[in-house]
Amino acid sequence: MRILVLGSGAREHAIVTALLREEPRPHVIAAPGNAGIAADVPVVDLDPTDSDVVTNFAQEHNIDLVVVGPEAPLVAGVADALRTRGIPVFGPGQAAAALEGSKTFAKRIMDEAGVPTGRAVRAGNLAEAQGALDEYGAPYVVKADGLAAGKGVLVTTDRDDALAHAVRWLQHGAVLVEEFLSGQEVSLFFLSDGHTVLPLSPAQDYKRLADNDEGPNTGGMGAYSPLPWLDAGFGSETAFVDEVIKTIALPTVRRLAAEDTPFIGLLYCGLILTDAGIRVIEFNARFGDPETQVVLPRLVTPLSGLLLAASTGELAGLPRPEFSTDAAVTVVIASENYPETPVTGRVITGLAEAATVTGVTIAHAATALDGSALVATGGRVLSVVAVGADFTEARARAYEAVGLIGLEGSQHRGDIAAKVAN
């Protein structure tokens, strides 16, 4: 199988790595990729949001399946263009991708499908935002309505900070002010062919920059999978997943199908376990980052077959994907001054040594070659991924590898998965 993976981050590197584990190994191409991905598979310097460029490349190179990693190409309608040309693509069309591209659209779909979520008010100006903040009270939750690269959400007890966040994002469009929901958060991915869904294994990510969930929100500083504490509340991971399928995933997919906007691809359910039950915080229309980095290393079922079946409407009748009992942990290494204005261009060292640690793989997020030197090109630079027999072993391996990597001014959290380690 010839597979084109669109994107250039650690999520895409994790997808490529999972595909390359298969036997027989598919022929994988990435566009545009990064320095780490380029060390594993051929990369092509093309704009993944340009529908004509992507579809022409896929046709000229006899691509059997296109996997869209990031959200921007989906919202731009790249999947629609590929399907029009008869090319299987794992990723929803532009209309269904509004589930991520517009918080207002997502809330409407949830309301009409009867999916449990928090109350929200759409504010188009500052006065409306102020009124909603006062209605719901602290802690305040303010979200940009559109895409914001993981930086559009603020949760704070400071009303002035909440207003400032609203003012910032109102310059780009509407904002949503939501009621605050308290509880453990879970990321759960579903493969969807527009009618049927198949679940992957749950994960939990860490959005705050610093240990103990302090500091600003980020795109994600680490994650772990599976979630052993689900057993206490639901009896088993399977029972939890069954409930989410019944109350959230299938109603959402069926509602979109009823509106002639079938969701074909990866439905990311950002969930919170409240005292009143499971609630949806957000939907995304693609694999999450950094959760993908801990879910896919545990996947036993070949990924390519699952993605192709979803893309061609063939999920019905397939068994649920199988996962190993291993624990997986990922720790993100970020540049100095992330998430504000990251310092870039600095040299990264020690990757070869880190990769020799048992159970460790390194997913590149923002790297490039400058001559013979590997340099950081963005905020989140690397995801150090480790698997082990349990979380104590996986954490030890991950942090041993992190300690071998050099990047001036870099930052990382030291408490990823600490609460589930023995």
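Entry 1: Exposed means over 50% relative accessible area, buried under 20%, and partly exposed in between (1.4 Å probe, protein chains only). Helices are DSSP runs of H or I with at least four residues, strands are E runs of at least two, and both are numbered from the N terminus.

I noted that this is a predicted model, where local features need pLDDT of at least 70, side-chain atom pairs count only at pLDDT 80 or more, and totals for chains, interfaces and linings use all residues. Residues are numbered from 1 along each chain as its sequence is written, and side-chain values use heavy atoms, leaving out hydrogens and water.

Which residues of helix 8 are buried? I found Ala129, Ala132, Leu133 and Tyr136, within residues 126-136. Seen down the helix axis, these buried residues fall within an arc of 100 degrees (taken from the directions from the axis to the C-beta atoms), so they line one face. A handy reminder: an α-helix has 3.6 residues a turn, so residues three or four places apart point the same way.

**Entry 2: cover and ends.** I then checked what covers the buried residues (contact is heavy atoms within 4.5 Å): the cover includes strand 5 (120-123), strand 6 (140-144), helix 9 (159-170) and strand 8 (175-178). At the N-terminal end I found Asn125 as the cap, with a side-chain oxygen 3.2 Å from the backbone nitrogen of Ala127. After helix 8 comes Gly137, with a positive phi near 75 degrees.

Methods
Polar contact = N/O pair within 3.5 Å; in protein donor to acceptor, adjacent residues only side chain to side chain.
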